[in-house]
Amino acid sequence: MGFFVLRALQRSRTPLSRLLSPQNPTFQSRWITSTTDLHKPEASAAAASEAPRPEIPPPRTPVGGARVHISSPEDAIEVFVDGYPVKIPKGMTVLQACEVAGVDIPRFCYHSRLSIAGNCRMCLVEVEKSPKPVASCAMPALPGMKIKTNTPVAKKAREGVMEFLLMNHPLDCPICDQGGECDLQDQSMAFGSDRGRFTEMKRSVVDKNLGPLVKTVMTRCIQCTRCVRFATEVAGVQDLGMLGRGSGEEIGTYVEKLMTSELSGNVIDICPVGALTSKPFAFKARNWEMKGTETIDVTDAVGSNIRVDSRGPEVMRVVPRLNEDINEEWISDKTRFFYDGLKRQRLNDPMIRGPDGRFKSVSWRDALAVVAEVMHQVKPEEIVGIAGQLSDAESMIALKDFLNKMGSNNVLCEGNGIHPHADLRSNFLLNTNIGGLERADVFLLVGSQPRIEAPMVNARIRKTVRATHAKVAYIGPPTDLNYDHQHLGEGPQTLLEIAEGRHPFCSTLLSAKNPAIIIGAGIFERNDRDAIFAAVETIAKHSKAIRPDWNGFNVLLLNAAQAAALDLGLIPESKNCIGSAKFLYLMGADDVNLEGVSNDAFVLYQGHHGDRSVYRANIIFPSSAFTEKEGTYENTEGCAQQTVPAVPTVGDARDDWKIVRALSEVAGSCLPYDSLAAIRARIRAVAPNLLSTDEREPATVSADVKPEFQYNMSMSGFKSAVENFYMTDSISRASKIMAQCSASLLKK
Amino acid sequence: MASVVKGVVKAIREKGIRNFFNVLIEDGYANCLLDGNLLQTKIHSIGGKLVGVDQFGNKYYEKIENTQYGRHRWVEYGDKSRYNASQVPPEWHGWLHFITDHTGDELLMLKPKRYGVAHKQNYSGAGDEYIYHSKGHALNPGQRDWTRYQPWQPTKT
């Protein structure tokens, strides 16, 4: 046996000497050893005393990109982790110090974004002059502390804790959905004992029903309470809790109740074992079978960073990706579970509505020819293009260029209203970026319900409210925000009072250091939007919300396409363009009101789902969804990000911009770009910020250069912009899971 | 050897030469020409005591004397051409593998009447319907009506 190992090592390409040398950090920290001889205390004590004093190992790279930010030098303290000195700020825990030193401490209950519970005991380390091993996640690091993570005492402590954790854990990894990405599985491989001594009966716990999204197998729970802390701290719902004591301890919802949070899916990610898993994903795939594609989410204007896991041509699940500036490591339930809509109601063939009112599949060649012919028959100003809420910047610029070439200047994006202001970027962006909201101390939400419009922004506001007790005031229809807030009023009346300084809230606003005013994009659809914006700008001016170092004037957009559409100048020429249109080019526009469209208008619907607008369409062009194409999206704070194709597209569908490009050629006014690179070069000429991906491009000109106007304001109250959080776009409306959610979670 | 010849002569005399050859073929002596295992079993069976025959026609022999210990119980399968160990029913399995000294005929009464299922040999590899295809396999029955996506059906509006 040894001979074969030796032979294999000699033959392997990597130099063995390098692998075994002490300079290789991974080898040292990851080496899995069985410490059976340490089961006996005498043997372990002997091993500890006999062990030669280790030399100081070379510095290691911090775990997971852990960063230290030391504000002032007197706040820094020095601790020794395995003999290696690290400088950390005061108040850090031992575990964080170890992370900075590059030592990964095993843990279950500790999560960097949640409060510290210290109940799993997996992170025990040895600290010199401490009689017992200490739980490093809950122990503040003190100056000069000598932390030892690799000693027999620490190893034995971990092994013992692991044995206790596995005592009541069912050994059902083969049928567990977490298998392969389970913390308990990994850590018991790395730190656990190689044999069990447990012969008693295991306990079992009744499964809880947490709704259509989260599947529970409560016997697997190790009582780390991460989900309880997540629900109360981040999601802001008091649904989950710990019941009982000792071995009768279990996680539950005190009474039979579903988990009614828009962030509930995140408990699946933070659960270190398979107790909370995804219900729609149950028994569908194993994590090693899937290909991960790092892309972004388009269900709301936040542009959460996600990883689309696909197996073959199917999207199997969506999980979040870390982005501190946008979504931290959470995503909303809609983002996580709407993917099954990608498989249903798909448009896969070009279709023409015949004279009998039925759709018939045709070839692309015929369909394009028909559309080109119709386009030449109508007057140029009667051609109107509407980009949908899921459109990417490439297809929107192609649509705009094409319609401009045909002589029309009526291109708009749904959700932006009929007469949007795109001149000043600060008028439609979240100017305090999402991460910057954490510095605000007073929030004024005007007609915006961030909890259902952009849950990730809402999570930030909640985080700020929890951390700094920032005050939140809200103007709009009664809603359920999951943090303390003051409901000032329902409509522009209250807004006027604040603007004129007559409202009691003004004093709070004026005394605020960093006030953040957030206007909902639902106001774009109102006729008096200019008046409301003027009022809000007055408030911002009075409360000094717009300063060189702080811009508290924010617009919270609703859709993924909105910001890019305004950057690209998708603004209709005439206000009543939809009513007078004879040729309507709907590029995925399903939420636009088509009632005003005249009956003899020719409607072209180009999209990926048979949703609302196909029923009015005369011709259908199938296009690819966001998981199937490469596209640029700008989120509400002005950060351009790109999607990456994860799965092949369906049927005869094509990318949106390619369809527009092909149509332009058939129509005789060929667009000058044939590739994504060429179309991006065109975008560079219009809105270069869309090409600097993953970088936030702040608005340079502030809003106060606008001339002052007196507008008429209607006194009707603000309406909620999103009626059903789970169904806002064509994909989520096609999704079965989202339908279940809105059936079971929205009824109150 | 003499007893074998004596037995053969006796059998020919009783059944006639034609029937004798029919019985030979039925008992698989013809297969012995190509199948060494069967031939070996036949030779081994000479002098063995026939303990029982089960419902599938498997013959169970025992020979205590002049046999290596551990080879003193054996089976001659009823199916002479495609035989395998899974053809031994559970009641005989224990006897054959020296788990018990009770023969299968004795143990048959222990078989549960209401829910006991008839023994079935393992058909793995014997044909498409007996091959297990995993969940993602194209030949898995659950996979047969799998579609990548469900297209939108145009309805008359």
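Mentor: We take a sheet region, then a helix pair. This is a predicted model, where local features need pLDDT of at least 70, side-chain atom pairs count only at pLDDT 80 or more, and totals for chains, interfaces and linings use all residues. Residues are numbered from 1 along each chain as its sequence is written, and chains are lettered from A and ligands numbered from 1 in the order in which they are written.

Trainee: Which strands pair with β11(A)?

Mentor: Two strands pair if DSSP finds at least two bridges between them. Strands are DSSP E runs of at least two residues, helices H or I runs of at least four, numbered from the N terminus. β10(A), residues 291–296, pairs antiparallel with β11(A) over six bridges. There, A:G292 faces A:D309. β12(A), residues 314–320, also runs antiparallel to β11(A), with six bridges. A:V308 sits opposite A:V318.

Trainee: How do I read a helix pair?

Mentor: Two packed helices are described by the angle between their axes and the distance between the axes. Axes are lines fitted to C-alpha atoms, for helices over the stretch in contact; angles run from 0 to 180 degrees between N-to-C directions. Here α12(A), residues 393–405, and α19(A), residues 656–666, have axes that come within 8 Å and cross at roughly 20 degrees. The two helices are therefore roughly parallel (angles under 35 degrees).

Notes:
Parallel < 35°, antiparallel > 145°, perpendicular 65-115°, else oblique.
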